[in-house]
Amino acid sequence: GLWPSAASTSNYFILPAAVCGDGRRVQGKEECDDGNTVPSDGCFQCKVEANFACTVTSAATSVCTCAPDLYGPTCSKKCTPTTCLNNGKCLNSTGECACPPDFAGS
């Protein structure tokens with residue numbers, strides 16, 4: 001759409017159109033846009049799917065991964081918080097623990 005600029009009503013800004021699946025997230029119009037229309041990858045129909053969290057790259061493409069403490073292909077498996085010791089983090093791809101810096105083990 002066209003909106004008048006603040007400086008003058010004769011100057012107009014063209015707002016980018018939101019095209020779901022084009023890989024360019026338009027803020028305020030799409031929650032996410034990962035460049036496809038495939039379900040169960042974190043972003044479907046430009047909405048963040050349950051159990052996922054999405055970030056936006058500098059190119060405005062959404063990158064979706066499992067939300068914290070979840071893992072698996074559809075991020076439906078819950079990491080066991082007591083599994084990772086010494087502030088280790090659950091890897092959202094496998095559910096295995098990743099050691100913090102200066103620690104080793106499993």
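Let's start at C54, which is partly exposed at 25% relative accessibility; buried means under 20% relative accessible area, exposed over 50%, and partly exposed in between, using a 1.4 Å probe and protein chains only. Keep in mind that this is a predicted model, where local features need pLDDT of at least 70, side-chain atom pairs count only at pLDDT 80 or more, and totals for chains, interfaces and linings use all residues. Residues are numbered from 1 along each chain as its sequence is written, and side-chain values use heavy atoms, leaving out hydrogens and water.

C54 has a partner: it forms a disulfide with C64, the sulfur atoms sitting 2.0 Å apart. A disulfide here is a pair of cysteine sulfur atoms within 2.5 Å. The torsion about this S-S bond is about 105 degrees, so the link of C54 and C64 is right-handed. C54 lies in strand β5 (residues 52-56) and C64 in strand β6 (residues 62-66), so the pair ties together parts ten residues apart in sequence; strands (E, at least two residues) are DSSP runs, numbered from the N terminus.

The structure holds five disulfides. Another one joins C32 to C43, S to S 2.2 Å, and both of these cysteines are buried.

Now look inside. C32, C43 and C64 are among the eight residues of the largest nonpolar core, and so are F52 and A67. Such a core is a set of buried Ala, Val, Leu, Ile, Met, Phe, Trp, Tyr and Cys residues joined through side-chain atoms within 4.5 Å.

How values were computed: Helix = DSSP H or I, 4+ residues; strand = E, 2+ residues; numbered from the N terminus.
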